[in-house]
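Hi,

Here is the structure I promised to pass on.

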Amino acid sequence: MIASAAAADQAKRVLAIAGSLRRGSYNRLLLEAAVDCAPPGTVIRIYEEMASIPLLNQDLELATGGKGPESVRRFRGQVARADGLLIATPEYNQSIPGVLKNAIDWLSRPGPEEVLIGKPVAVVGASSGRWGTRLAQAALRQVLFATESLVMPNPALFVREAEGLFDEAGQLVDQPTRNGLETFLMAFATWIDVVAADRDTIVGRGSKG
Ligand code: FNR
């Protein structure tokens with residue numbers, strides 16, 4: 001019992017964020033599969049309060065001392081405490097959904113202690129279409145470049161034609177996709193270690209850090 005508590009203390013903590021509010025979201029289901037497939041020594045927890053994040057309005061920021069309302073502060077705290085972020089983005093009109101962009105915009109402020117600077121991030125995405133969120137993932141990488149997050153360069157995981165990959169209970173039953181997810185998550189665990197080993201040097205080079 002004590003040994004397992006100590007192991008949990010040392011585990012890498014990954015916060016998983018789905019860019020969809022939809023009940024039955026494939027991106028959400030992909031993250032649930034990621035929770036199951038997490039490599040040893042990594043604990044993945046899904047962020048559950050995306051619907052509580054208001055639209056960013058700088059007047060609201062100002063009225064809350066620059067830090068945003070309570071839901072935003074809680075979100076920022078969870079991100080700050082995580083060793084890495086796993087973001088699953090849908091593709092809306094060849095880009096990321098407004099819900100996800102809005103959340104990242106809140107996380108990108110206030111300076112100078114933005115929680116996304118130097119944060120290891122992994123990007124995945126699922127869509128019902130044939131291209132598996134390629135364009136959305138590229139757009140998300142561009143946004144995360146602005147926030148100076150350290151996005152894992154490879155491997156990539158584009159989950160396409162998602163409706164055929166999950167069963168009625170929402171389980172990821174497509175074995176090649178599951179294998180790809182496991183490989184992806186192992187690579188992310190390594191990426192978190194790589195960043196942790198030299199984070200100060202990398203962040204020090206940024207324009208915000
Ligand atoms: C979409 N969808 C979509 N799919 C795609 O492959 N390329 C696209 O450009 C778009 N554009 C788009 C716009 C809008 C407004 C909606 C609502 C949907 C389909 C979308 O990828 C699909 O509905 C996914 O299932 C959404 O992700 P979740 O909610 O299942 O996680």
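**Around the ligand**

The shell around the ligand has 4 nonpolar, 8 polar and 2 charged residues; here Ala, Val, Leu, Ile, Met, Phe, Trp, Tyr, Cys and Pro count as nonpolar, Asp, Glu, Lys and Arg as charged, and the others, Gly among them, as polar. Of those 14 residues, Ser20, Ser25, Asn27, Pro90 and Gly129 come nearest (near means a C-beta atom, placed from the backbone, within 6 Å of the molecule).

Keep in mind that this is a predicted model: local features need pLDDT of at least 70, side-chain atom pairs count only at pLDDT 80 or more, and totals for chains, interfaces and linings use all residues. Residues are numbered from 1 along each chain as its sequence is written.

Helices (H or I, at least four residues) and strands (E, at least two) are DSSP runs, numbered from the N terminus.

There are cis peptide bonds from Arg109 to Pro110, with omega near -5°, and from Asn154 to Pro155, with omega near 0°. Pro110 sits in the loop between α5 (98-107) and β4 (120-126), and Pro155 in the loop between β5 (150-151) and β6 (158-159).

Thr133, in the loop between β4 and α6 (134-146), has a positive phi, near 70°. Is Thr133 buried or exposed? Thr133 is buried, with 31 other C-beta atoms within 10 Å (20 or more is buried, 12 or fewer exposed, in between partly exposed; C-beta atoms are placed from the backbone). Glu161 also has a positive phi, near 45°, but counts as partly exposed, with 15 C-beta neighbours inside 10 Å.

Cheers
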